[in-house]
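Here are my notes on this model, point by point. Please read them with the structure open.

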Amino acid sequence: MSILAAFSLSRILIQPLSRLDRASRHLPEKIRYQSSVVLPQSRVAEYAVLSTSLQDMSHALSDNFRELEKARANLKQEVKDRTRELASTSDLLSNILAASTEVAIIATDTRGIITLFNTGAERLLGYHSAEVVDKHSPALFHVPDEVEERSQALSGQFNRAITGFETFMTIPMLEGAETREWCYVHKQGQHIPVTLTVTAIYNDSQEVTGFLGIAQNITERKRHEQMKNEFISTVSHELRTPLTSVSGALSLVLGGRLGEIPDKAQKILNTAHRNSERLALLINDLLDIEKIAAGQLYFDMQVQSIDPILEQCLEENKAYGAERHVDIILNSETADAEVRVDKQRLKQVLANLLSNAIKFSPDGATVTIDTVVDEQHVTVSVTDQGCGIAADFYPKIFQKFAQADSTDTRQKGGTGLGLAITRELVEKMNGKIGFESIPGKGARFYFQLPLHETVKTKSVDQHRPTDSNIGDKPNINSSYNILVIEDDSDVASLLKIVLEEAGYRVDISQEGMAALKALQARHYDLISLDLMLPDIGGLDIIRRIRQHADTANIPIVVVSAKMKQGRLELNGDAENIEWLAKPIDHKQLISLVKQQLLTSTQAKILHVEDDIDLHRIVQAMVSDYMTLDHALTLSQAQSLLTQHAYDAVLLDIGLPDGSGWRLIPVIQETQPTAAIIVLTGEEISAERYDTVHGVLMKRQLTTDRLVDIIGKSITRER
């Protein structure tokens, strides 16, 4: 039995060796062609080599297994580290979101449903995240009217209907992000102004997966802006009002209203008046630039011909040019080109460009205004013959407070705001501005405005108003009837044209007796009278008019070559007469007509103004034409309105006991026929303009302008 067991065991041990022996018999054939292999000389040696190879393979496998285990351990550790890092990042992000208590962060999916609502959003809006996440859209926090307004604006911009959540995502989808001011609604109902930035969220495939909104409460910023606006308003009132008094007083003195002025005093007063106007311009520049930055500058855009505006600007700046010994020339090719602009702002643009051109021109130079029209635009250029602009200053030319850093420029003075304001004004009127210059040879500033309609060339006769077109132009002077008594048909036609251009209705009589009959048949508010007539003399007509009750108080403007003789001969027998010598000055004629009409109506005005000095100036300006009552406060004005009847109320806005706007309903209730004219240093919005009959800025206050606007407003009401 033991022998059998031993045999079996030997067979078990020998079998692997037998298989190895059989396999080894073929090795020489397999490696015959491998010259580098040296075969063992015996089977025993061969087995030894094979054993060594197997050991080497085993060691290599062991090494590979150890490397694999090591790599596996490293990968496992890396996964652990990465997981720990992601967890840390997630915790950090959560902590950041939780700590962002001053910023509301709200995320949504592509449908607009809220997926994230941080602590800042909870504090700002009063909702808990559980109340809104996966339940509501951010529209919950928005003012519906504000969203609807934005929706309509976007629909118009993209020419398709944009509503709902698309209102918030349209721009971020196109541009990546959008920042706008909105008004959030707190859970308790109060409104909160915010700046909201909406950004599109993308995945690794650059697909939009949602939107992120970050909102910041700007209530405090709005409060500061309000404080700044109130400060600007205070500056406007506290600086402009006394400056208006100074400038107005100097104007009255220089105008000869207070008697003759010695030559030495005249020069000093001229200097003072010129510098008061310069100071007013500097204040206006500072205030205008603030209003432009805040988007609060009002523009009264109207369609009108550009030529008359250019001509007015030329006339208004001639005095400054003469002072600097510089001529201004207008070369216009605009025919009757019409543009849609704010007339006063356009005049401000031209005044800025002209004053700069004159300021930097040498004595004896010429400043030229050129206009050119193409199919779509009118281009206005102002060219000087000055020192030009240095090339390194080109990028700064339209910047605020920018001035060329040279001795010559600094000697000229200025704030460096004029061109910055000019550019803003032009762009607000849908125009473009530019310049070109050669150093040492002058500069050319130009601006383009879009034409409102095709330019049409009109003959000279078409400029003259006729009976058929006078009624087509609404004019507040059209309620006044004027009788021109003049035997010279050319002079009579000229007077008719001038007066009708000013808006009056005019009849002509070329004989004295015909004129007297006309006065019996129709009421006239004023008579223009020549003294030399073919049938009876003008002085006889005056005496007959004054003797008749119905015509005794009609104001008369004598227009005659024998003005002095007639005045001496009349010797003060008749009142309410003004005298104008031929050849006539058109502006002087219109001024006399306005004065006579106002004097004849004896208008009574209530002036509501807390600055006593300014009231005295206004009173001196209009005392020849109307009577003034004065109220320092709203309460005083209300009391006077219940006691007296007024043709007009001249109203300041900033009063000690409140805003002048509060008085308007009282005026309308107690004095429904009284004209309301605002005299202020502040800009007035379009809505405010619609509530009154006239507005005059204090910086524009002159006797002519004040009398004109009061007269026009009273006439309109009557």
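1. A definition comes before the helix pairs. Axes are lines fitted to C-alpha atoms, for helices over the stretch in contact, and angles run from 0 to 180 degrees between N-to-C directions. With that in hand, take H11 and H13. Their axes cross at roughly 145 degrees and come within 9 Å. The crossing of H11 past H13 is left-handed. From H11, the contact draws on Arg-345, Gln-348, Val-349, Asn-352, Leu-353 and Asn-356. From H13 come Gly-418, Leu-419, Ile-421, Thr-422, Leu-425 and Val-426. Sorted by class, the H11 contact with H13 has six nonpolar, five polar and one charged residues.

2. Now the overall picture. This is a predicted model. The protein has 718 residues, and 40% of them count as buried. It holds 24 helices and 24 strands. Among contacts with a separation of 6 or more, 62% join residues 24 or more positions apart. The accessible surface is about 40200 Å², with 52% of it belonging to carbon and sulfur atoms.

3. H11 also packs against H10. H10 covers residues 306-323, and H11 covers residues 343-359. Their axes lie 10 Å apart, at an angle of about 40 degrees.

4. Which residues meet where H10 packs on H11? On the H10 side they are Ile-306, Ile-309, Leu-310, Gln-312, Cys-313, Glu-316, Asn-317, Tyr-320 and Gly-321. On the H11 side they are Lys-343, Leu-346, Lys-347, Leu-350, Ala-351, Leu-354, Ser-355, Ile-358 and Lys-359. The residues of this contact divide into ten nonpolar, four polar and four charged.

5. Two backbone angles deserve a look. Most residues other than glycine have a negative phi. Asp-134 is not a glycine, yet its phi is positive, about 65 degrees. Asp-134 sits in the loop between helix H5 (129-132) and helix H6 (144-158). Its relative accessible area is 60%, so Asp-134 is exposed.

6. Asn-430 also has a positive phi of about 65 degrees, although it is not a glycine. Where is Asn-430 found? Its place is the loop between helix H13 (418-428) and strand E11 (432-437). Asn-430 is exposed because its relative accessible area is 57%, and exposed means over 50%.

7. Is Ser-276 buried or exposed? Its relative accessibility is 6%, so Ser-276 counts as buried; the cut-off is under 20%. Ser-276 belongs to helix H9, residues 263-293. Setting aside neighbours within four places in sequence, Ser-276 is in contact with Leu-243, Val-246, Ser-247 and Leu-250. Val-246 is 30 residues away along the chain from Ser-276, and their C-alpha atoms are separated by 7.4 Å.

8. Ser-509 lies in strand E14, residues 505-509. Ser-509 counts as buried because its relative accessibility is 8%. What is Ser-509 in contact with, leaving aside its neighbours within four places in sequence? The partners are Leu-483, Val-484, Ile-485, Glu-486, Ala-514, Ala-515 and Ala-518.

How values were computed
Residues numbered from 1 in each chain as written. Predicted model: local features only at pLDDT ≥ 70, side-chain atom pairs only at ≥ 80, totals over all residues. Heavy atoms only, no water. Helix = DSSP H or I, 4+ residues; strand = E, 2+ residues; numbered from the N terminus. Buried < 20%, exposed > 50% of the residue type's maximum accessible area, 1.4 Å probe, protein only. Contact = heavy atoms within 4.5 Å. Areas by Shrake-Rupley, 256 points an atom, 1.4 Å probe, with all protein chains shown as cover. Nonpolar A, V, L, I, M, F, W, Y, C, P; charged D, E, K, R; others polar. Left-handed = near helix turned anticlockwise from the far one by under 90°.
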